[in-house]
Amino acid sequence: MTTTTTTTTTPTTPALASQALSYEWIKFRSVRSTVWTTAATAALPVLGAVFVAATGSLQPDDTVLGGSLTLSVVAQMLAAVVGALVVTGEYSSGTIRTTFAAVPRRGTVFAAKAALVAAVMYVLALLSCSAAYVVGSAMLPDGRYAQGDPLPALFGIAASFAVAAVLGLAVGTLVRHSAGAVTTVIGVLLLPSLFGPLFGDAERWIAGLSPTAALEKLTQTSDATADTVGSLGPWPSLLLVTACTTALALAALLLLRRRDA
C-alpha cells in the first residue's frame with residue numbers, strides 16, 4: 001500500500017507581502033465609499049484653485065501657490081478619512097476575519113494597507129496639487145501676487161497627504177468604527193493648531209504636530225502663522241509629523257496583534 005503525504009507550502013515573506021498588497025488593492029477599488037472619497041480628495045485642490053482665481057478672493061499678501069491650494073487642507077482631511085475607511089469598513093462588514101484568514105500575519109496586512117494608502121495619496125496629491133498650481137498660475141493676474149516656490153514644496157505637500165492617510169489608518173485600526181474613526185482623525189488634524197497657543201513656549205511643537213500644519217507651511221500661504229501652525233519650518237514640521245504618525249501606527253499595529261478581530 002502506498003501512502004501519499006500532502007505537504008503544505010508556506011509562502012515566503014516577500015510573496016506574502018505581495019499577495020497582501022494585491023488583496024488590499026482589489027478591496028480598495030471595490031468599495032464605493034473609498035473610491036468616491038479618494039476621487040473627492042483628488043478633485044478638491046483643482047476646484048479650489050478655479051474658485052479662488054474666478055472670484056478674486058486671494059489675499060494681497062498671499063502667494064499663487066498658497067491661493068491655488070486653498071482647499072488642499074480639506075483634501076488632506078479626506079485623505080485621512082480614506083485611510084480610516086480602508087480598515088474600519090472591513091470591521092463593519094466583518095470581512096476583516098477573511099483578510100486575516102487569507103494573510104495570517106497581521107503585521108503584513110497592516111503594512112500592506114499603509115503602503116497602499118500612502119502610495120495612492122502621494123501620487124494623487126502630487127498630480128492634483130500640481131494641476132491646481134498650474135490652473136491658479138494661468139487664471140490669476142500676472143505680477144499681482146508673489147508666485148511662491150512650488151519645487152520642492154509640491155513633493156512635500158504630496159508627502160503630507162500620504163502621512164495623513166497613514167494617520168487615518170492608524171486611528172481606524174485603534175477605533176475600528178467608521179464614524180468614530182472619522183471624527184477622531186479630523187479632531188487629531190485640527191486640535192493641535194487650535195490648542196497650540198495655550199502651551200506657551202511649547203507652542204511651536206504642539207501646533208506643528210498635525211499634517212495640516214505642515215501642509216499649510218509647505219503651501220506658503222499667508223494663513224500659516226506661528227500662532228496657528230507653530231514656528232517650526234515646513235520641512236522640520238513634516239518630519240515631526242511623520243515621526244508622530246509612525247509612533248501612532250506602531251501602537252496601532254501592536255494593539256492589532258494583541259486583540260481579537
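The model is predicted, so local features need pLDDT of at least 70, side-chain atom pairs count only at pLDDT 80 or more, and totals for chains, interfaces and linings use all residues. Residues are numbered from 1 along each chain as its sequence is written, and side-chain values use heavy atoms, with hydrogens and water left out.

**Exercise 1.** Work out what α12 should span.

Solution. Helices are DSSP runs (H or I, at least four residues), numbered from the N terminus. The expected span is 1.5 Å times one less than the number of residues. For the 25 residues of α12 (234-258) that gives 36 Å, and the end C-alpha atoms are 36 Å apart, so the two agree.

**Exercise 2.** Is Glu24 buried or exposed, and what does Glu24 contact?

Solution. Start with the place: Glu24 sits in α1 (residues 13-30). Buried means under 20% relative accessible area, exposed over 50%, partly exposed in between (1.4 Å probe, protein chains only). Glu24 comes in at 3%, so it counts as buried. Next, contacts (heavy atoms within 4.5 Å): beyond neighbours within four places in sequence, Glu24 touches Val86, Glu90, Thr99, Val109, Ala112, Lys113 and Leu116.

**Exercise 3.** How do α1 and α2 (residues 32-55) cross, and which residues meet?

Solution. Take the axes, lines fitted to C-alpha atoms over the stretch in contact, with angles from 0 to 180 degrees between N-to-C directions. They come within 5 Å and cross at roughly 80°. That makes α1 roughly perpendicular to α2 (65 to 115 degrees). Phe28, Arg29 and Ser30 of α1 meet Arg32, Thr34, Val35 and Thr38 of α2.

Methods: Helices (H or I, at least four residues) and strands (E, at least two) are DSSP runs, numbered from the N terminus. Angles under 35 degrees count as roughly parallel, over 145 as roughly antiparallel, 65 to 115 as roughly perpendicular and the rest as oblique.
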